Amino acid sequence: MPAKDIFHNTVKTALEKDKWTITDEHLFIQVEDIDFYIDLIAVEIKSFLGASDVTEFHLALGQCLNYRSALRLTEPERILYLAVPVDVYNEFFSRKFIQRIIAEYQLKLLIFNPEREEIVIWRD
């Protein structure tokens with residue numbers, strides 16, 4: 001079982017406040033000989049607490065693309081969201097190049113306020 005992101009419980013609480021029922025703490029998906037664990041339901045949570053937001057974004061994007069491909073094969077009705085804190089969204093995800101990448105790869109975002117444990121924006 002993979003380690004939980006620092007904001008795992010925060011996002012779980014925010015989803016529950018938003019009337020979601022958490023059916024999977026770590027959604028397990030197996031495609032051929034590869035195992036994947038998505039954090040909650042189909043929400044991948046990233047804190048962006050590393051030294052470089054760009055590096056964190058590379059990792060998050062790659063992980064989301066792999067998870068999305070695996071979901072298409074195993075549970076195509078599920079929609080994958082990348083959950084990021086509102087400050088990261090406002091300071092990093094608002095940059096023009098990052099917005100282009102989000103649009104190009106059609107990333108769906110869940111922006112949350114970690115202090116209030118609330119969802120701020122669902123961005124399709």
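Q: Why does Ala 103 count as exposed?

A: In this predicted model, Ala 103 has a relative accessibility of 55%, and since a residue is called exposed when that value is over 50%, Ala 103 counts as exposed.

Q: What makes Ile 6 count as exposed or buried?

A: The relative accessibility of Ile 6 is 60%, and the cut-off for exposed is over 50%, so Ile 6 counts as exposed. Ile 6 lies in the segment before helix H1 (8-17), and, leaving aside residues up to four places away in sequence, it touches Ser 47 and Leu 49.

Q: Why is Asn 66 called partly exposed?

A: Asn 66 has a relative accessible area of 46%, and because buried requires a value under 20% and exposed a value over 50%, Asn 66 falls in between and is called partly exposed. Its place is in helix H2, and its C-alpha is separated by 16 Å from that of Ala 83, which is 17 residues apart from it along the chain.

Q: How do you know whether Ile 41 is buried or exposed?

A: Ile 41 has 11% relative accessibility, and as buried means under 20%, Ile 41 counts as buried. The residue sits in the loop between E2 and E3, where its phi is near 50°, a positive value in a residue other than glycine. Most residues other than glycine have a negative phi.

Q: What makes Phe 48 count as buried?

A: With 5% relative accessibility against a limit of under 20%, Phe 48 counts as buried. Phe 48 belongs to the loop between E3 and H2, and it has a positive phi of about 60° although it is not a glycine.

Q: How do you know that the span of helix H2 is close to the expected one?

A: Helix H2 (residues 53-74) has 22 residues, and from its first C-alpha to its last it reaches 31 Å, which is close to the 32 Å expected at 1.5 Å a residue.

Q: Which residues of H2 are buried, and what do they pack against?

A: The buried residues of H2 include Phe 57, Leu 61, Cys 64, Tyr 67 and Leu 71. Taken together, the buried residues of the helix pack against strands E1 (27-31), E2 (34-38), E3 (43-45) and E4 (81-85), as well as against helices H3 (86-93) and H4 (96-104). In general, an α-helix has 3.6 residues a turn, so residues three or four places apart point the same way.

Q: What pattern does the protein chain follow, and why is it called as compact as a globular protein of that length?

A: Along the sequence the protein chain follows the pattern α-β-β-β-α-β-α-α-β-β, which comes to 4 helices and 6 strands. Its radius of gyration is 14 Å, close to the 14 Å that the globule rule gives for 124 residues, so the chain is as compact as a globular protein of that length. The C-alpha atoms fill a box of roughly 40 × 30 × 25 Å along the principal axes, and buried residues make up 44% of the 124 residues.

Conventions:
Residues numbered from 1 in each chain as written. Predicted model: local features only at pLDDT ≥ 70, side-chain atom pairs only at ≥ 80, totals over all residues. Heavy atoms only, no water. Helix = DSSP H or I, 4+ residues; strand = E, 2+ residues; numbered from the N terminus. Rg over C-alpha atoms; globule rule 2.2 N^0.38 Å. Buried < 20%, exposed > 50% of the residue type's maximum accessible area, 1.4 Å probe, protein only. Expected span 1.5 Å × (residues − 1). Contact = heavy atoms within 4.5 Å.
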